[in-house]
Structure formats: structure tokens, C-alpha cells
Amino acid sequence: MAMNRRGFLVAVPVLAAAGLACTPGAEKGAGFGYRELAKNQAASGRKETILVFMPDTTQTREVWSGMRDELGEEFNLVAVEVPGRGASTSIAEGMRRHRPSVVVLMNNPTVAGYRDYQLQARDRNFPPALIVMTSFLEGSSVGVSAASGISYEVPLITVVTNLRKLMTSTIDRVGVVARAPLTRFVQRQAALARREQITVDVEYVSANPNPSELKRALRQLKNRVGALWILNDDRLLTRNLIASAWLPALDERPWVPSIVGAASLVSAAQSFGTFAVLPDHAALGVQTANRIFDIADNDWRLPDGPQVELPLSTTTTVDLIQARERFALREDALAQVDRILK
Amino acid sequence: MGLAAGALAAGLFATSAASAAEPKLLVFVHAAVKQRALEGELRQALPGISVTAVGRIADFDRALAQGQDAVLALPVVLSARGLQPKMRGQRKGSGSESYALVGADAVPDPARVATVGALDLLGREGTNGFVQTLLGRSLKVERVTKVEDLLPLLQMGRVQAILLPSRLFSEIRTASRLNLLSRDIARGVELCALASTGPNAPPILSGVSRLPKALSATLGVDEWR
């Protein structure tokens, strides 16, 4: 069924995690909403437990499933639901019950809850923590001790490599609208993208831009670049800015393909994102599991080296109506996308 | 109303019974196209056969446990699951193909690389063993589930080289402007093969042996024997 503009806008913000169904065998206890979503007993007989704190969403369930497939034979795994920031009590209860060798924290509110738990804890010996599905993790200080992680934003270098496989036009210059707080993030992405001869052209806008400012920035960029990369910045993706700046500016000529980082920003009913390039959540679970194996091999301590990795595996969605109407796709383009909206 | 509902139910039952009777083929082959596209092309080429293509070994094991009539995968995967190939892929008259190490800016030396990216064929231990057998020495292996995920390992400097079938090097090079250089390694790997796992395997064997050339080529094969 086609989605009208109102439906699209209602479906939009988007940047928070969505729902994860409860698995059978969920355990309730302690009277304050402590809930174990899933549990896996190691076949190997090893005693170590990996404790996963996560909200109940489809995406986090996929990450959990990738982790369980990799780690389930060797280690005990427990998933504890963390519905929001006020959940440091659930976290404390999970830590008390399971005394984990590693904890995995999925999404920003869970990280905030774990930070609160660490501040309140008497025992200062915390196990290594792996942070996943958290916005703009790379280069940020999350305030959690003994932490490392995998950032959630798909790197620009990956986004453009994927796009080049789909479009006939040459994509060497990519435009991005950014606010000052994300300057360092954009600079790091631009430095990495240079390895693939990609130039990043940035239009900076104020901390709280109005529609005119954003529209002006987009119009200027569109005349200079081969594609637009739209950051998952919730200040730039408000309903008002989407309706009054993004949609009208993207609908004007010259048309430029736009790449978004949220599935709900691509719709066959609205010409917003032409493509969405998102982390492959099951593969993100496998990548997380590989980091846990590295920690286990290092006597359950964080190994030296970079503490934040970029996600390796992605899925691509295309708004086929917009893409065919406005751009030239390669002959085999559709064999290179995971989801086609038409 | 009652009759219509009855007819609808009968129709649904007939469809479901027909679907249950369809021979079932499970495919676990890493190709340079998305699993969705590979599965779609195989379904089109194999009418009357229920095709499931998976990209992860855990999904392969789950689907295998659900019962299949035939399985298409590399012989190294089949033998790890106790399955015998009934029909083998051939390429340029050989049942195996060469693999290459690919690096950025320098030709990788199999005797010196310390970290290598590879497709996850057999899980952690099995894939580590597979890579070590091919390269003849122990080293750190970063596993990925899709061909397209090998390139980011090099782009992000996570590994010194990636290991892949030599025929896929051109696919990787087309997608990248890194200065990619490859070196074939001495040992070859057997091409994908079909194992019979159920009573309805014969029509699958027959169908796969007559796959369109382009689709067989996607699987790395130009002939089936």
C-alpha cells in the first residue's frame, strides 16, 4: 500500500531502536521489572557468561541471534531487557546474578544505564564492555570504563563503494550537511573515504537550523556533488525539517541520489532517500562475537589497539521508482541490493 | 459464505500440500551477488523446486536440520557435515579452482601475512583450519559472511590481505579504487557440488545440471558432472 506524505512523516523519526519480541522462556523476577529475554547454556561446559543488556527490538534480536550462533557452543549467554535509562537497577540485578566475563550494551539508553550502574557500584572491577548499536560512538567518550565497541554508522567509504556498484554515473564527490558537533565525525569519515578517491564536500549549518537555512545548504551542495549522504542526526531530521526543507530541496533539479542510514527514510511514496545503507544486524552480532573471542583469547581483558571498530557488513535498500525515474542504474544493479521498494 | 470459505480452505490446503511435495534445495554458496538475487535466479531456473539460499553457516545448519532433498555447497562444507557430493561443478575442465591473496599497494606474501580476511565457510574453528591449510601456516583470520564484506576489511586496514577464489578478484577490483594486487596460492579448492539428502533429489540433480550458463558461472562453475 502506498504511503502518503503524512504517513511517511509519521513513520520517520526513526533514529531510536525499534521493537524486539520476547523469546520463550523469558524470566521475570526481583519485582522491579527485571526480565531475561533469552538464555543459552554453553554446550562446552565452560563457566564464563556473556551478559547482553538490550532493549526489546527486532534489530537487537537480530544482533543477539548472530552472537548466539557464534558464541552459544562455548559460552553461557544471557539477554537482559533494558527498556530505558532508568534501568540501571535491572543492570545491577543482571550483574549480581550472572557475574559476567563480558557485557554487551546495545543502544544509547542502555549505555547510559550501565554508566549509572558503574557510578553506583561498590566493586570497581568491571568486566570488559562492548558497546554496539550506539550513535556516533567513534571518537566519543561514553564514560564507561573498560569499554570498546562497534560504531553503528555505516562508514561513508562503504556507502560510496556500494553506490558505485549501482549507478552508472561516476561518484567522486559526496555532499553532506552537518552541524558543528559532528565535525570530527565527518572529518574522520572523509579521511577514510579518501582511500577510495572520494572527496567529501560539507555544508555546515547552525546547531538548530530553520528550514530556509537547511534548504539553502542543500541547494548549494546539489550543484557540486554526485551524491548526498544524509547523516542520522536527529536535529536535522525533525518532522518540520523533513517536510519543509529536505523533501522540497531533494525534489528540485538537479536531482542527486541521496543515501540515508535509516530504513524508514526510504519510501516508494516519497522521494527522500534513494538508497538506505544500513548495518546488517546479524552480521553485526557475528562481528561482536569475534571481538568477544579476542577478549577471551586475551585472558578476558580488552586487547590493545583501536577500541572502536566500524561495522563491516551492510544491507542496501533502494527506492526503485525514484532511482529509475531520476538516475541511471547499472544493468546488474538490482542483484546488488537486499531490498527493493517499488 | 460457508461454501466459499470451504472452497478457499480447500484451495489453501491444495497449495500447501503441493508446496510440501516440492523437492527442497538448500544453497550455501558465496557469490558476487546478494543472496536474495541468487535465490531468485535459482527459483526461476528451477521451476517446481523449492530453493533456499543462505549466506551464514548457522543458517545452513538450521535449514539442513529442517530436512532438505539436496544441498549445493563447497565439498569442504559438505564433508564437514558428513555429506557426499553426487554431482560436482567443473571449471575450465577442472573440479577445483585457484584461490588468491589480495592486498592493497603490495602483493601479499603468503609466508608473511599475519592477518587475513576470509569468507566464513565452516564457523570459527573450521574456517581458521581451512585458511591455515590453504596458506600452510597459522595466522589470525577475520571471517565475513559475504563476498562484498571482504573489501571493507582492506579499506579499513583490518587485515593485511583477503583470501578469495581468484575469479572473484575482478569483482572486487571493479568496486574499488584501492591499488589492489593479488597472488594466487599453490593449493586449489574444489568447486561447489550437489549432495543428495532426501528422496526427491533426482529432479534437483537434473535441474542443476541444466542451469543456464550465466547462473552456473555465478556459482563459479561452467559445467556439471
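Where in chain B does B:D149 lie? Select B:D149 in this predicted model: the residue sits in the loop that runs between strand 7 (140-144) and helix 6 of chain B.

**Stop 1: B:D149**

Keep B:D149 selected and show the atoms around it. With a relative accessible area of 3%, B:D149 is buried, because anything under 20% counts as buried. Setting aside neighbours within four places in sequence, its contacts are A:L312, A:S313, A:T314 and B:V144. Now show the side chain of A:S313: a polar contact of 2.7 Å joins this side chain to that of B:D149. For a distance within chain B, pick the C-alpha atoms of B:D149 and B:A118, which are 9.4 Å apart, while the two residues are 31 residues apart along the chain.

**Stop 2: B:Q155**

Next, go to helix 6 of chain B, residues 150-155, and select B:Q155. Is B:Q155 buried or exposed? B:Q155 has a relative accessibility of 1% and so counts as buried. Beyond neighbours within four places in sequence, B:Q155 touches A:I157, A:T161, A:L192, A:R195, A:E196 and B:L178. Show the side chain of A:E196, which makes a polar contact with the side chain of B:Q155 at 2.8 Å.

**Stop 3: the two domains of chain B**

Colour chain B by its domain assignment: domain 1 covers 2-93 + 191-224, and domain 2 covers 99-187. In the contact, 17 residues come from domain 1 of chain B and 13 residues from domain 2 of chain B. Taken over C-alpha atoms, the centres of these domains are separated by 28 Å. About 1200 Å² is buried between domain 1 and domain 2 of chain B, and carbon and sulfur atoms give 64% of that area.

How many salt bridges cross the interface of domain 1 and domain 2 of chain B? The rule finds one. It also finds two residue pairs in polar contact across this interface. On the side of domain 1 that touches domain 2, select helix 4 (75-80) and helix 9 (213-218) of chain B, each of which supplies at least two residues. Helix 4 of chain B gives the most to that side, with three residues.

Then select B:E148 and B:K34, whose side chains form a salt bridge (2.8 Å, N to O).

**Stop 4: chain A as a whole**

Finally, select chain A and switch to a cartoon view. The chain has 10 helices and 15 strands. Of its 342 residues, 58% are buried. Among contacts in chain A between residues at least 6 apart in sequence, 75% link residues at least 24 apart. With a surface displayed, chain A exposes about 14200 Å², 47% of it from carbon and sulfur atoms.

Notes
Residues are numbered from 1 along each chain as its sequence is written. Chains are lettered from A and ligands numbered from 1 in the order in which they are written. This is a predicted model: local features need pLDDT of at least 70, side-chain atom pairs count only at pLDDT 80 or more; totals for chains, interfaces and linings use all residues. Side-chain values use heavy atoms; hydrogens and water are left out. Helices (H or I, at least four residues) and strands (E, at least two) are DSSP runs, numbered from the N terminus. Buried means under 20% relative accessible area, exposed over 50%, partly exposed in between (1.4 Å probe, protein chains only). Contact means heavy atoms within 4.5 Å. Accessible areas come from the Shrake-Rupley method with a 1.4 Å probe; for residues, only the protein chains shown count as cover. A polar contact is a pair of N or O atoms within 3.5 Å; within protein, one must be able to donate a hydrogen and the other to accept it, and residues adjacent in sequence count only if both atoms are side-chain atoms. Domain bounds come from an automatic or database domain assignment. Buried area is the accessible area (1.4 Å probe) that two parts lose on being put together, summed over both. A salt bridge is a side-chain nitrogen of Lys or Arg within 4 Å of a carboxyl oxygen of Asp or Glu.
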